[in-house]
Amino acid sequence: MIRLTPPPVIELTYGQYQGWNCCYCNSSLAGGGLPAGTSRGNSGAHHLDINVYACPPCTAARRPEGADQ
Ligand SMILES: [Zn+2]
């Protein structure tokens, strides 16, 4: 099943956390990533939400039906 929202921060790899890799499939975003939304995370009372990025194929796979019109 396709995950529609970015995984939580604790599941991200270092590359995904840094925005270097797709947050869904972990492929390199050297060719340009697309904003994928917010990965949720926290440590104690500190919120560690970060913006993550995805590759074009993963972004297209999650685009709602008809949203590209
Ligand atoms: Zn991907």
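1. Helices (H or I, at least four residues) and strands (E, at least two) are DSSP runs, numbered from the N terminus. By that rule Thr59 lies in helix α2, residues 56–61. This is a predicted model, in which local features need pLDDT of at least 70, side-chain atom pairs count only at pLDDT 80 or more, and totals for chains, interfaces and linings use all residues. Residues are numbered from 1 along each chain as its sequence is written.

2. The protein chain contains 2 helices and 4 strands. Read from the N terminus, their order is α-β-β-β-β-α.

3. Confidence is expressed as pLDDT, the predictor's confidence in each residue, from 0 to 100. The average for the protein chain is 89, and 90% of the residues score at least 70.

4. A residue is termed buried if 20 or more other C-beta atoms lie within 10 Å of its own, exposed if 12 or fewer, and partly exposed in between, with C-beta atoms placed from the backbone. Of the 69 residues of the protein chain, 22% count as buried. Two residues are in contact if their C-beta atoms, placed from the backbone, lie within 7 Å. Among contacts between residues at least 6 apart in sequence, 48% join residues at least 24 apart.

5. A nonpolar core is a set of buried Ala, Val, Leu, Ile, Met, Phe, Trp, Tyr and Cys residues joined through C-beta atoms within 7 Å. The largest one here has 10 residues: Cys22, Cys23, Tyr24, Leu29, Ala36, Val52, Tyr53, Ala54, Cys55 and Cys58. Strand β4, residues 50–54, gives the most to this core, namely 3 residues. Tyr24 is in contact with Arg3, Ala54 and Cys58, leaving aside neighbours within four places in sequence.

6. Is Cys55 buried or exposed? Cys55 is buried, because 22 other C-beta atoms lie within 10 Å. This residue is found in the loop between β4 and α2. Beyond its neighbours within four places in sequence, Cys55 is in contact with Cys22, Cys25, Ser27, Leu29 and Gly33. Cys55 and Cys25 are 30 residues apart along the chain, and their C-alpha atoms are separated by 8.2 Å.

7. Thr59 counts as partly exposed because it has 16 C-beta neighbours inside 10 Å. With neighbours within four places in sequence left aside, Thr59 is in contact with Leu34, Ala36 and Ala54. Thr59 and Leu4 are 55 residues apart in sequence, yet 9.5 Å apart in space, C-alpha to C-alpha.

8. Gly41 lies in the loop between β1 (34–39) and β2 (42–43). Having 17 other C-beta atoms within 10 Å, Gly41 is partly exposed. Not counting residues up to four places away in sequence, Gly41 touches Pro8, Val9, Ile10, Leu48 and Asp49. From Gly41 to Pro7 the C-alpha distance is 9.5 Å, and the two are 34 residues apart in sequence.

9. Asn26 deserves a check of its backbone: its phi is positive, about 70 degrees, although it is not a glycine. Asn26 is found in the loop between α1 (14–18) and β1. With 15 C-beta neighbours inside 10 Å, Asn26 is partly exposed.

10. Glu11 lies in the segment before α1. Glu11 is exposed, because 11 other C-beta atoms lie within 10 Å. The C-alpha atoms of Glu11 and Cys23 are separated by 9.4 Å, the two residues being 12 apart along the chain.
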